[in-house]
Structures are given as C-alpha cells and as structure tokens.
Amino acid sequence: MDPKSDDRGEQKEFSNPQDVVFVNTQLILKAMQNVQKAQQDFQAMLEQAELGDTSVQYDLGVRYAEGDGVDSDMVQAAHWFSLAAESGDLRAIEALGRCYQMGTGVEEDQGRAVELYTQAADQGYAGAQCSLGLCLENGSGVDQDPVKAAEYYLLAAEQGHAPAQCNLGVCCLNGIGVDRDPEEAVHWLTKAAEQNFPRAQSILGVCWENGTGVDQDPARAVELYRKAAEQGYAPAQCNLAVCCLNGIGMEADAPQGVEWLERAAAQDFARAQCILADCCKTGSGLAQDQPRAMALYEASAGQGYPPAQCNLGYCYLTGIGVEEDDVQAVRWLTQAAEQDFPRAQRLLGCCCRDGDGTPADAQKAVEWFRKAAAQDYPPALCDLGLCYEMGTGVEVDLKRATDLYRRSGERDYAPGQCNLAVCYLNGDGVEKDAAQAAAWLWRAAALDFPRAQSILADCYRDGDGVPRDDAEAARLYQLAADQGYPPALCGLGLCYELGEGVPEDKARAVALYTQAAQRGNLSAQCNLGYCCLTGIGMDPAPEQAIPWLERAAEQGSARAMSLLGSCYRDGDGVEADAEKAVQWYQKAADLEYPPALCSLGLCYERGEGVPEDKARAVALYTQAAQRGDLAAQCNLGYCYLTGIGTEVDCGRAVEWLDRAARRGFPRALDLLGDCYQNGDGVETDDAKAVELYRRAAEQDYAPSIASLGLCCELGQGLPEDKPKAAALYRKAAEMGYTYAQCNLGFCYLRGIGIDRDPAQAVIWLQKAAEKGQSRAMSLLSRCCFDGSGMQKDEKRGLELLRRAAEQGYAPAQCNLGLCYENGFHGLAQDLSKAAELYRRSAEQGDAAAQSNLGSLYYTGSGVERDDALAFQWFSRSAEQDFPAGVYHLADCYASGRGTATDIARAAELYQKAARLGDEDAMFILGKWYRDGKGLRADPEQARFWLRKAADAGVKEAAACLRALSGKAPGKGGEKRGGFFQKLFGKGD
C-alpha cells in the first residue's frame, strides 16, 4: 500500500480511455454541506461570544485552535481561552496554560503555564492535574518533583482521565516518584487503554510482549499495538511493524511490517525511519534500496535517534550504501555515543583504537569501551577484556581480562567465549583448564563462530581438554573452513595431508593451503612453501616456494624463516648464499625456534656463512635440544660422542641420542645403534643395535639401511614488512586520511617499501598539507627547498615550514631554527630566533633540536655561553642515540666543558657516535687510534675510521690517512658542513 494513502486502498491512475471512473456525487455534496454548516455554526458562535456570552468562549477558542469552520488562528484561540478563563471555565484555564507552555498564540511562559494549571488543578480539573504533573515530572516552569507529579497523576487518574492514567502507569513501570510496581502500572495502563487511549495501548502492549507485570502474551501485545496503530499512533505502528517483521505474536509478514513502518515514518517517527532503513538496506519486505536506506538513516539520525546515528556511522565506516568516510563515521558515532548508545560507544572505541577517522588513542578507546561495557554490551566487554589482556591503553591485567571475557561470554557473545577459552588453554588470568576451555569453545562453536570451531578442532586433534578424535577435528575444521576462516582452511589441509580424520589427499591439502595462504595465513603460507619445496601434493617447484615462505617470514613465521635459510643454504629456488642462509636462521633463532637454532649451530660447526665456531655450535645445539628439537638432540649427542666443540662424553652422548631416538628420529636411531654396536657409553649389544638400525631404516634413512638405516615499516611490536606498510598507507591515503597521505609521501621520498618517486611524494604530501597536516608541510617544505619532485620554491618552502612550526611540530621548529641560524633560503640570520625555535622543539624531545641548542650554548651564539646547559642538552640528545648529540657530548668530556674531563668516556662516546654514522666522530676516533689517545694505539683501526671519515667527506681525514699509510685516500672530498650544519630535519 502506498504510505500516503488511507485505509480505503491505493489510489490508481488509469491511462486507458475506455476505463470509466465513477464519482460519488452524493458524498461530495454531503462533504460540502458539512463544511458549510461548520462555517455557519462558527459564525453564530462568534456573534454569540461577541455579545458577551461566556458559555461559548471556550468552544470558540477550540474552533480557532482546530480550524473548525474557520482558518486555524492560535492568537485568536488564546484570546478566547483567556476570556473564558477569566470567567472561571476550568477547561479554558487548562487550555490557556497549554498555550503558554507551548508558546502558541502567546509568548512562551512556562511559569505562567504552571500557575494556570495549578489554578485549575486545585479545583479538581483532571486535565490540569495531569498537565501540572507533567510539568513537575520534567521540571518545566517549576522545580522538578517526581513524587508530587505522581500525586497529581493519581488525582486525575482516579477521575478516569486517560492521559493521567497512562502517565501514572509509566511512573509505576519506571519508579518515577513512586516505588517501581509493574503490576500497578499494568492496572493504570489497562484503564487508559480501555478508553482507547493509544499511548497507553502501545505501552501496555510492550508489557504483554515482555511479560512485565503480566504473564507474557505476545499475541495480546499485537492486539493492543494494532488498536493504537489504527488510531495513527506512530510508536504503536512501529511496534506492530517489528512484530510483523519478526513473527512476534503472529505469523511473520515482512510486507505488512514495512507497510506499518511506512505509516510511522511518514509521521517522522525516528525509530520507524531507522527500522525501515534497515529493511531497505537488506531488502526485507520490499526491494533492496541502499540510497533510500541512507536517506532514512539520515532523517532519523537528524532527529537525534541514537540507533540511526550509529547505523549511519557504521555505513560510512564500512562503505555500505555510501562512499567510505571514516571522519563522517566518527561524527555520527560520537553523536550516538554521547547519548549512551552502547553499540556506538563500542564502535567509536574501535575507531580510536585503530585510528579510523580519528587519531589513534588507546586510552580514549578504553574510555569508550568502558562506557559501553558499563551497560553490559557484550562486544564492548570483550574489547575491553582484550585491552586488559594486551595492555592496550591500560596496564596488563589478565584476571580483569578474563572477568570481562566471562561477562561477555555469559551473554552469548561468541568472541568473548572464545577469548575466555584461550585464556583457560594458556592459563592466562585463570588456572589452566583445558576442559573448561573446551566447554566455552563448544558454546561459541554452537553460534557458528569460526575461530572457536577451529580452536576446538585443534583440541580434538591434540586431545587437549577432550578425547583425541581426528574425525571430529576434521569436521570442526570443515565447519570453520566453509566460512572461509584461514586457520581452519590450513588445519583442514593438514588433515588431508596426513590422512587424519579424512582420507589422505595431498592434492586437496595443497588446494586448502593455497586458499588459506592467499588470505594471509602464515602457517598455510609456510606449509604451501614446504609442499612446493618437497613435492607434497604437487610437482616440486622450489622457485614457487620462495615467495610463500617470504610472505610467511614477513609476518613473523619462524618456521618460514628457517626454511628460507635452508633454501639459501642448499640453493633451492634461489642462488645458494651461505651468508643469507645464516641471516634467516638467525632471525628465526632470535625467536627461539628450535630447528633454526639447530641449523644455525650447524653453520657455526661447519663455518658456512659465519666463521667456524664449534663451541658456539654446541651452545646452539643445546638450546634447541632443551626445547625438544630432535635434530639438535641428535647433533648434540654426536658432538659429545666425537668431541666437536666440547670434551668427549659418551655417556651424555647416549643420553641425548636416546631422547631423540625414543621419538623416532632416524639419525639418532642410527647413531645410537652405533653406540650399542661399539660399546660407546653403553654396554655392547648387537641385538639392540640392529633393532635401532631397523627402526631408522623403516623411515628410509640411508645410513641405517647401509648398516642394516616486523611494524610494518619499523618492525615495532610486529615483524618488519615495509612493502605491506606502504600498501596500507596507500589504502588509507586514498580515503583522504592526512597522516597516511603524509606517510605514503614519505615512503615515496625515501623509497620505503616502494620505488622512490619524489613527484608522487609531492602529490601525497600536498594533499595532506592542504588539510593542515604539520609533518606533511614540513616534508613538503624540504621538497620546495631541494626541488625534489617539483620546481624549487624557497618562498613556499619557508611558508610551509613556518605553518608547521606554528602548529608546534618539533622537527619543523628545529628546521626553521636551522634556517635562521645559518640564513638559509633568503632568511636574515637571527641566532636569537634560532635559539627560541630550537628550545621549543628541544623541549618536546626532538633530538636534533637538543643537539643544535646545545651547540648554541657551547659557542654562545644567540644565547649567553653556558657550558653546563650545553652539556645538559647534548646529554638529552645523546640519550636518544642522535649522532651529533653523542659527538658533541664526547667533545664536552674531552675538553672538560660542562663536566669533568674524562678522556675514557669521551673515547667511548666517539666510538658510539662513529658507529651511528657521525663523520666527525669517525675522524676523531681515527686520530685517537693513531695517537693512542684514550684508546690503545691501533694503526689498523685508525686507518679504518679515517677511511670512513674520508669517504664521508671529511677533507682532513683524507690528509691524515695519506700521512698514515702513504696511500691515496679514495673517495675523500669536501666535508659536508661545519659545526652547526651536521643535520637538517633528521626528525622527519
């Protein structure tokens, strides 16, 4: 039905000329007669009132108010109500009070309204008693007094006044001015509903639907909603629509539900607009219509309705029906969150945590999660628990985390149940209890939560908290895999590879690994790489293995790092490179991955890619062996057996070989067989030796057959992955996020994760700078100065640098200070201004500015010379390992300025500065090694550091090197700058 038509049906237009439209002329004539009579009655009433008949003054006011027989005119209505009130007409007194309360026909005056209501109420007029009660309840024109409000509602309700009965019922429902009493609420609401008062019918319907004060009866609720809805009461129309949509108290009927929503929405009822938008978005009860859904959300949100504001924010956040816009999302979510809408508070917390549409702020995220959690919103309880588990925005508190997960899980939120289960599995915040873990995983798995299904499958595969059951594990993996969950795809692949719980099918395993690997699962990427290397389920293709192993290694997979090490060691899929092999093994060993510790030990044992160091090899084998690595246990046993890197100790050799042999490691079986055969560390036992050889031979072990067998960019908190970092920056930058635009520009400037492209850098930096992003302005100023990616423009560069500095951006303040210090880019030299800018930057912790400010104090340039302050600023810069700061601090110790002379400390700092790349420190260090000053004289070290200084452009170093060695210095040339020119914008 058209939402604008009445209950008589749809109005239709006919284009066929043969169609005949019959017009009921009698009805039209009757309507005209009614209008004419109303006008005649009004005129007669007006004449009667003007002659002083007070009995019709109130009725005349009502005619003016309702436009009955005359055009509506609230000024005239208020005039006649006033005259009638003067004659004591209680109806008129109450009506005039309403005019003053609403400001219709008279200037709004809440206090005057209360006076008039009180006047009529004191004379027992029910309508005025109800209106006065409402003023007292809301504090309109009078101090708020819910108790007194309820008393007035009761006075009016006992006279049978339906609105007062309804209001009193609401007070009893919510404990407003009276004790909460649902049964008493139903009593009064029923009385009002029996008078066909729609609001009471609607609220009473809610009581029947929810079983509040009555036995739950959804069908009775629908009956009441319908009665109120048919009177045009929008909230009831909306409630009835929800029943139709969800089959509450009736058969589900989505089209009928939409029809009622249309009626309520046509009255601008915000809740109906929001629910109707949901229907348009999902195509429930009508054709899917995303643009209309957005329009309805906006209309509802514009009225301040929190669910609509939240839904609109979510649409902007996810790009549903509208272009993705995180900033708009945050704006709408904030409006809803400030009204204590928990879903919006939780989503806003996620935005603050992830930096979507607002700067990342973990503590602010926690604040929003807390607000939503205080309302027992399950997702927020879970998110807040994760903050406590990970220490995001709060101190780590595992017990608090598990308490929050439990509260979330008890409310049937699957992620909370799953997280609690993992805590039980690992003993985080609770006593380790695999059985409890399995119980919570079952609850989450029953809700089709794929992560829980996958972890529960792990439990069945490993017999952790449940009896081992490979078939059940495979079934659960399949359920999660059907939802595209990458870890489950990988787990199911392993089942097919090993034939556990399903028939062995290695090709199927490879297909599943591929699906999971393409979704970024590092275990699957590693498994797929291994299949490519070894030909499991496919023809061997080592060159295809390398990209998958690299992708897994970039995500921190120690196994992938170790396998890559082996590829480089053996030349599988890549050119053999022993040094690269060691690098990969070392990365995995740093993560304490036992096979990598073992392989790295082998490199040290053989001197492959590293200098031979057999003792180091034994130490690495020991670390891996203690962690259960079979190959390492075997290698360590062999070292003890043969005295490689340690004293011969056949007893310890047998101990380690036996540990590996018990778990079927073929080489250990073979070596242990040798021990039994030769009586090394054990009594000779040829039969035992044969048994051990046989077990190894059954695994096709050749010797026994013969004898009988990062962050993405910075790598903070996650594996370093620069290409991935650049890709993420691009995604956010294309959405207009200024910080990402700046970072992407910086990547293009420096070639971080992408090919260096200054022109592209300028494009992205310009986008961010136009929105006032200070770091972008600072970087763009550098491009202007250097002509990098654009035409050189010093004037614009200075303008950008000033703007960034004025916004308090420390590196820009430092760089602008350097311009003033040296008179760069057309600025007049102004050392005082330079010192001021350095100080502002230094106080924010900028290491370059701290070093530069120290230099000014050291020389008395622009400030009064002060060695103590120079030493202080150099120290603060050096604490951050800033090369120039470390170098200048060394100067202080060497010269005894600002601190006691300490040549040994100076030498230590020059060494550190040189290692950090400071060319002046390299030069000093070379001279000190040459002269034996502060260090033991060492001509080779002297040549090494002088050569590095000369290569860095220190002219004096080249001369010293020639004098020292009698040879040409190589690349030595002009030094890049003087004492004050050691840096420019290192903070950027």
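By class, nine nonpolar, five polar and five charged residues make up the lining of the second largest pocket. Here Ala, Val, Leu, Ile, Met, Phe, Trp, Tyr, Cys and Pro count as nonpolar, Asp, Glu, Lys and Arg as charged, and the others, Gly among them, as polar. The model is predicted, so local features need pLDDT of at least 70 and side-chain atom pairs count only at pLDDT 80 or more, while totals for chains, interfaces and linings use all residues. Residues are numbered from 1 along each chain as its sequence is written, and side-chain values use heavy atoms, with hydrogens and water left out.

The second largest pocket has a volume of about 520 Å³. A pocket is defined on a 1 Å grid over the protein atoms alone, for a 1.4 Å probe, as an open set of points with protein on both sides within 12 Å along at least five of seven lines. Lining residues have an atom within 4 Å of a point. Grid points are joined across faces, edges and corners, and the volume is the space filled by probe spheres set on the points. The lining of this pocket holds 19 residues. Y530, S562, L563, S566 and P595 lie nearest the centre. Four helices each supply at least two lining residues: helix 28 (522-534), helix 30 (558-570), helix 32 (594-606) and helix 34 (630-642). Helix 30 gives the largest share, seven residues.

The protein as a whole has 52 helices and zero strands. Both are DSSP runs numbered from the N terminus, with helices being H or I of at least four residues and strands E of at least two. The C-alpha trace spans about 130 × 90 × 70 Å along its principal axes. The radius of gyration is 41 Å, whereas a compact globule of 988 residues would have one near 30 Å. This radius is taken over C-alpha atoms, and the globule rule is 2.2 Å times the number of residues to the power 0.38. Of the 988 residues, 47% are buried. Buried means under 20% relative accessible area, exposed over 50%, and partly exposed in between, for a 1.4 Å probe and protein chains only.

In soluble globular proteins, nonpolar side chains tend to be buried together. The largest nonpolar core of this model has 129 residues. Such a core is a set of buried Ala, Val, Leu, Ile, Met, Phe, Trp, Tyr and Cys residues joined through side-chain atoms within 4.5 Å. L189, L261 and L441 touch the most other members. Beyond residues up to four places away in sequence, L261 touches C238, A241, L245, A272, I275, L276 and C279. Contact means heavy atoms within 4.5 Å. A second, separate core has 88 residues, including L800, L837, A847 and A906.

Most residues other than glycine have a negative phi. D376, not a glycine, has a positive phi of about 60°. D376 sits in the loop between helix 19 (362-373) and helix 20 (378-390). Its relative accessible area is 31%, so D376 is partly exposed. D412 is not a glycine either, and has a positive phi of about 65°. The loop between helix 21 (398-410) and helix 22 (414-426) holds D412. With a relative accessible area of 48%, D412 is partly exposed.

L447 lies between helix 23 (434-446) and helix 24 (450-462). The two residues are 35 apart in sequence, and their C-alpha atoms are 8.3 Å apart in space. Leaving aside neighbours within four places in sequence, L447 is in contact with D412, A414 and Q417. L447 counts as partly exposed because its relative accessibility is 43%.

Helix residues show a range of exposure. E194 belongs to helix 9 (residues 182-194). At 65% relative accessibility, E194 is exposed. I93, in helix 4 (residues 90-102), is buried at 0%. I93 touches A85, G88, L116, Q119 and A120, not counting residues up to four places away in sequence. Y929 lies in helix 50 (residues 919-931). Its relative accessibility is 10%, so Y929 counts as buried. With residues up to four places away in sequence not counted, Y929 touches Q911, L935, R936, A937, D938, Q941, A942 and W945.
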